[in-house]
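The sequence and structure come first.

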Amino acid sequence: MDEAPVSFLPLGAIIQELRVGGVNIVQGFPEQSHYQKHNDPFFGETIGRVANRIGGAKLNSVNGKSYALATNNGPNNLHGGVVGWGKQVWKGPTPVGVRDIPDAGPLTDGGESVKFTLTSPDGDEGFPGTVEASVVYTVGKQAQDGKDVLVLGIEYEAELVDGAEETVINMTNHSYFNLAGGPSIEGTDITLATDTYIPVDDGGIPTGGLGTFAKVKTSEKFTLGAVEPDIDDCFVIDEAASSVPIDTRSSPLRKNLTAYHPETKIQLEVYSTEPAFQFYTGKYIDVPEVAGVPARRARSGFCLEPSRYVNAPNVDEWKGQTLLKKGEKYGCRIVYKAWKE
């Protein structure tokens, strides 16, 4: 490829840029040092060990005992803790040649792939066991109905190698998308794959079971306004919670989201092999002006985070989705497709 439309950083194996039609549709900063100082919103980060919240910052029953985790979201553990994987420096990017993106369709330019790796020691933010993790990014193009489609494939893998017989893993990417090329996501049309979600308490921890989302019918097109709808919820595609494997990579890709902005005419589709996804409209973004990049405030981006169920390690029926035993591998896949109409 010519000038790369996608760029990454070793810190957090971050997606720094994703350019479509001259617009960088992900929020970020010009340099890695800026992320170290200002990235409270987790812009572009690879999230681990466990995405989303773990209630009470505690694993109730892993290796036959409980573990106290780092507390960084009220009483809970969020996105792996104070210094989760998105705040740690990974090795890479290392070129790994061309990687296939199963179910995503052929890449017309052959594609390029890079790999980042991280060793997370036993006790990292309170989590048991030493884990070796990796993320492979594959960037390519597709021709689709006369359009030049940018494709970014993400493949995660993690293995427990020492220090415990089992641990918990739930990896995802935390990019904030803005298709408008401006300060707000207002006017963006959104369709999600489902209206089924996990009701939670005021701290974001499930209250029990699944429900039907009532703010808007998310499985039909709705438009993001200046303030509403305000969404930060875990939506469920696969309701057979106990049958979700620790490695979903052999599962087919399923569309999670379609987003379109009528002014820029940029469209985004997100696919994954995961049973659920968090959709967040960015209410709490509060980043000052950095190196000439204007301040980012509430609703300057939206997140779509494919994942396992929120607080799955502490719910018996959901626990198997995240419980990684020695000798097994955790894995999942995410694909972004974006183009200008």
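A disulfide is counted here when two cysteine sulfur atoms lie within 2.5 Å. By that cut-off the structure holds zero disulfides. The model is a predicted one, in which local features need pLDDT of at least 70 and side-chain atom pairs count only at pLDDT 80 or more, while totals for chains, interfaces and linings use all residues. Residues are numbered from 1 along each chain as its sequence is written, and side-chain values use heavy atoms, with hydrogens and water left out.

**Cysteines**

Cysteine 234 is in no disulfide; the nearest cysteine sulfur belongs to cysteine 303 and is 13 Å away. Cysteine 234, with a relative accessible area of 2%, is buried. For cysteine 332 the closest cysteine sulfur is that of cysteine 234, at 13 Å, which is too far for a bond. Cysteine 332 is also buried, with a relative accessible area of 0%.

**Salt bridges**

A salt bridge requires a side-chain nitrogen of Lys or Arg within 4 Å of a carboxyl oxygen of Asp or Glu. The count by this rule is 15 salt bridges.

| Salt bridge | Distance, N to O |
|---|---|
| glutamate 155 and arginine 249 | 3.0 Å |
| arginine 249 and glutamate 157 | 2.8 Å |
| arginine 308 and glutamate 274 | 2.7 Å |

Where do the partners arginine 308 and glutamate 274 lie? Arginine 308 is in the loop between β24 (302-307) and β25 (323-325), and glutamate 274 is in the loop between β22 (266-272) and β23 (276-280), so the pair ties together parts that are 34 residues apart in sequence. Both arginine 308 and glutamate 274 are buried. Elsewhere, salt bridges with shared partners join Glu155, Glu157, Asp247, Arg249 and Lys329 into one network.

Glutamate 157 counts as partly exposed, at 24% relative accessibility. Glutamate 155 is partly exposed as well, with a relative accessible area of 22%.

Strands, like helices, are taken as DSSP runs and numbered from the N terminus: helices are H or I with at least four residues, strands are E with at least two.

**Aromatic rings and charges over rings**

Rings of Phe, Tyr and Trp (its six-membered ring) form a pair if their centres lie within 6.5 Å; planes under 30 degrees apart count as stacked, over 60 as edge-to-face, and the rest as tilted. There are 16 aromatic pairs by this rule. One of them joins phenylalanine 8 and phenylalanine 116, edge-to-face, at 6.3 Å centre to centre with 70° between the planes. Phenylalanine 8 belongs to strand β1 (residues 6-9) and phenylalanine 116 to strand β10 (residues 112-120), so the contact ties together parts that are 108 residues apart in sequence. Phenylalanine 8 and phenylalanine 116 are both buried.

A tilted pair is formed by phenylalanine 177 and phenylalanine 302, with 5.8 Å centre to centre and 40° between the planes. Since phenylalanine 177 lies in strand β15 (residues 176-177) and phenylalanine 302 in strand β24, the pair ties together parts that are 125 residues apart in sequence. Phenylalanine 177 and phenylalanine 302 are buried. Ring pairs also link Phe29, Tyr35, Phe43, Tyr176 and Tyr280 into a cluster.

A charge sits over a ring if NZ of Lys or CZ of Arg is within 6 Å of the ring centre and within 35 degrees of the ring normal. The charged end of arginine 296 is placed this way over the ring of phenylalanine 29, 5.0 Å from its centre. Lysine 337 lies over the face of tyrosine 271, at 5.6 Å from the ring centre.

**The sheet**

Two strands pair if DSSP finds at least two bridges between them. Nine strands make an open sheet with antiparallel pairing, in the order β9-β10-β11-β12-β26-β22-β21-β16-β19. At the edges stand β9 (91-97) and β19 (222-223), each with a single partner strand, so one side of each is left without a neighbour in the sheet. Strand β16 (residues 189-192) pairs with β19 in the antiparallel sense over two bridges. Aspartate 189 stands opposite threonine 223 in β19.

Notes: Buried means under 20% relative accessible area, exposed over 50%, partly exposed in between (1.4 Å probe, protein chains only).
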